[in-house]
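This report looks at a few local regions of one protein model. The sequence and the structure come first, and the discussion follows.

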Amino acid sequence: MSRDSRYDILFEPMPIGPVTAKNRFYQVPHCNGGGYRDPSAVAEMRGIKSQGGWGVIFTEQCEMHHSSEIAPFIELRLWDDQDIPMIAKMADRMKEHGALAGIQLAYSGINGPNLYTKEVPLAPTAMPIRTFTNDPVQARALDKQDIKDLRRWFVNAAKRCKLAGFDLICLYGAHGFGIFQHFLSTATNQRCDEYGGSLENRARFVAEVVEDVRNAVGDTMGLTLRLSLDEMIGDLGFANSEVRDFIEMHKDLPDLWDLAHGAWEDCSGPSRFKEEAAQFDLVTGIKALTSKPVVGVGRFTSPDVMARQITSGTLDFIGCARPSIADPFLPKKIEEGRIDDIRECIGCNICITGDMTMSISRCTQNPTFMEEWRKGWHPERMNDKGPSSNVLVIGAGPAGLEAARACAERGYDVALAEAGQTLGGRVTKERALPGLSAWGRVVDYREYQLSQKPNVQTYFNSELDAAQILEFGFEHICIATGAHWRADGVSRQHVTPMPIHPDMTVLTPDDLMAGRMPSGAVTIYDDDHYYMGGVLAELLVQNGCTVTLITPCAYVSDWTNNTLEQAEIHKRLALMGVDIQLNRGVTAIGKDHITTNCTYTDLTRDQHTDAVVIVASRLENNAVYTDLKNRQDQWADAGIKSVKLIGDANAPGPIAWATYAGHRFARELDQPDIGDALPFRREIAELARD
Ligand code: ADP
Ligand code: SF4
C-alpha cells in the first residue's frame, strides 16, 4: 500500500535553521522515568522512533548545569563532560534512520529545589521553589554576575551537545519548568533592572542566550525555543496575548517556535478532560507573526487532523509525545497507507506516572515502551515462533486480547474463548463511563488486528471450565479471566470485611457498570484511590443521585496526581455538587446510615444514606486456573505443556498492567526457562576507583 495523497504534506521536508527535517513528524521532548539511570533503555526507545519514521526526535529535559536540578525526578543530566557519552549514545540512535536529533536544555530556576547538589537555587526573583512537592526551599535572585555565568553555562552545555552529535537544541521555557519562562513571566520575574519590568526587558535574557548559543554552535545546529501558549495563571502570568506580543517582537529569534501549553497538567491533559487538538484556538494566528516554523502539540493521532493543522496554516510540524509513545511507527504507518494499524494513544497518562513515581514508564497501548533495550521488545516485531503450534487464550479483556494478538503475530494458532458476547472485558464496560470513551481504543486496535489474522479463532459465549480445557487438547493455556470488585469493603482501611447491615443497598463498580443504578442519597466509599471512585461519582450525579464521596485519603482519586488529573477531577466533582469528604473512612454500614471516622482522630459520626457504592479492591477470577492446577497430573495426557494465569486474574491492576502481562506471555511462550535470572537488562553505575 502507499500513502493517501491527502497526507503528502506531512512528508514535505522543512528546514530548521541550518538543518532540515525530512518530514513534519516532530517528537517533542518527553520523559520516560528512565533518564540518566537507564540511558541505554532511553537511547533504544528513541532509536525505535527513528525506525518508525519521525523527522525530529528529542530527548527529555536535560539538566544543563549542576546548580539547577530536580531530584528525585529522573530526567537527563549534562553537568560536565562525563555526561557526553550518555547523551551521544542517544543522539546516535535518534539519527540512525535519518531523523534530526534534538536535546532539550533545562535550567530549572524557580522549579529546581537542588535536593541532590545542595546548591542554593537561582531564579530571576527570590521566592519559594515551585514544585509538585512544595519543597521548603527558596531561591536566591540571580545578580548580574550570576546572569553572565548562566549565559556561559548555556554556551558550555550547547558545545557539549554539539560534541555529542545533536542537530537541534531546545531551550526550555514552558510548563513552568524552564528559566526562560521564569524571566518572561511577571509572576516569577519582579526584577527592577534591565531584565525585569517591560516585556522587552523580561525578554532580554532569552534573547541574549539565543545569541550566545547561536554564535557558539548555530552554524551547524538549529535552535528552538519551547514556550507555553498561556501560563494559565491569570494576568500576572505569561498569558497568550503576551506570548503573541513576544513572538511578534522577536519574530526570528529561534530557528523554530515550539509551542507547548500551560503547566504540564494543561499540556498533557488526559482524554477524560481534553480532546485531540485542544490548543487549536490558542495557537491559531501565531504562525503569521513569524517567518520561522512552528510546532504545536495536542495528542494528535488522526492523520486528517494532522494534515489540517498544516494546510490551514496553523502549524508547520506536528508535535507528538504521547502519540509517539503509543505508536512509535505512526509516521511509517501513514506513509505506507496503513492508517488502520495505528495504535492510537488513549490519553490515560499512565506513561507520565513512570516519571512521577520515578520508576520507569509504561504505556497502556504499547507494552514494549521502555522495554526496547531492557527486554529487546520491538513495538512492531515479535520474536520468532517456537516449537509449539497452538495456544488457547481464555478471556478477551486487555490481557487476553494482547496475548492473542501477539501470539498470533508470532505465528501460533490461537483460539480466544470469551464467556461474554463482546471483546474487551473491563475496557468494554469502562469505556461507557463518563469521560473514558477514548480508552476503548485498547479494544478497537486489538479487535482490528485480530480480524486481520487468519490464525486466530474467537469463540463467544464460551465460559470454559477445567474439564473442557482438558478436553480440547491445546498445548498452551493462557488464563486471562479478569477480576471483580469486592463488596465487603476490604482494601486498605479494612483488611477484613467491614460490618454491613443486610438491609442497606450496597453496590460495587461492576453493579453500576451493569446498569444497576441506585437512587436518592448515595455514598461512594473510595479506598481504591485511582480513577474509578471519581468517575462513578460523575455517573451517579448524571443519573440524578445526590452524591457524597468519602475517602481516607487527603485527595479525591489520590493516585491520579501521577496522571496529572487530580485537580481537574476534584474541580469537576465539586462543580457538580458532590459532597467530598477527605481524610475520612467508613467503619460500618448500617440499615439507613454509615458510620464514618476521621483518619487522624478516629472520632466517628453517623451519616444518613440510601445506598453505598464500595470502591475498594478487586478479587481475581482464578477458579478455572486453580481447578486446572489441581488436575496437573492430567495435563500430559491432554497434551497440555503449560498453563499460565495473567492480568487481573493473576493480580488486579490498571489496564496497562494487563496489556503488559498479555504481551509478556506471548514473548515468553516456548522460551527457555531463565530460572532465577533477572528478566531484563539493566545498567549499574561504574564504581569509582578510590
Ligand atoms: P484483564 O484486565 O486481565 O484482561 P478483564 O476482566 O478485562 O481482565 O477480562 C476478563 C475477560 O475474561 C472478561 O471478558 C470475562 O468475560 C472473561 N472470562 C472470565 N472467565 C471466563 C471463562 N471461564 N471462560 C472464558 N472467558 C472468561
Ligand atoms: Fe497514551 Fe496512555 Fe500510552 Fe501515555 S500510556 S502514550 S496516555 S496510551
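In which cavity does ligand 2 sit?

## The site of ligand 2

In this predicted model, ligand 2 sits in the second largest cavity. The shell around ligand 2 is made up of 13 residues, and the closest of these are C345, C348, N349, C351 and C363.

Two helices, α11 (322-326) and α13 (350-356), each supply at least two residues of that shell, and α11 gives the most, with three residues. By residue class, the shell around ligand 2 divides into eight nonpolar, four polar and one charged.

## The buried face of helix α16

Helix α16 spans residues 441-451, and its buried residues are V442, V443, Y445, R446, Q449 and L450. Seen down the axis of α16, these buried residues fall within an arc of 165°, so they line one face of the helix. In general, an α-helix has 3.6 residues a turn, so residues three or four places apart point the same way.

The cover over the buried residues of α16 includes the helices α14 (398-410), α15 (426-430) and α23 (655-668), together with the strands β15 (413-417) and β16 (456-459).

H250 lies in the loop between α7 (240-249) and β11 (256-260). Is H250 buried or exposed? With a relative accessible area of 18%, H250 is buried, given that the cut-off for buried is under 20%.

Leaving aside residues up to four places away in sequence, H250 touches A203, A207 and W257. The C-alpha atoms of H250 and L289 are separated by 9.3 Å, although the two residues are 39 residues apart along the chain.

Terms used:
Residues are numbered from 1 along each chain as its sequence is written. Chains are lettered from A and ligands numbered from 1 in the order in which they are written. This is a predicted model: local features need pLDDT of at least 70, side-chain atom pairs count only at pLDDT 80 or more; totals for chains, interfaces and linings use all residues. Side-chain values use heavy atoms; hydrogens and water are left out. Buried means under 20% relative accessible area, exposed over 50%, partly exposed in between (1.4 Å probe, protein chains only). Helices (H or I, at least four residues) and strands (E, at least two) are DSSP runs, numbered from the N terminus. The arc is that of the directions from the helix axis to the C-beta atoms. Contact means heavy atoms within 4.5 Å. A residue is near a molecule or strand if one of its heavy atoms lies within 4 Å of it. On a 1 Å grid over the protein atoms alone, a cavity is a set of points where a 1.4 Å probe fits but cannot get out, and a pocket is an open set with protein on both sides within 12 Å along at least five of seven lines; lining residues have an atom within 4 Å of a point. A molecule sits in a cavity or pocket if more than half of its atoms lie within 2 Å of its grid points. Ala, Val, Leu, Ile, Met, Phe, Trp, Tyr, Cys and Pro count as nonpolar, Asp, Glu, Lys and Arg as charged, and the others, Gly among them, as polar.
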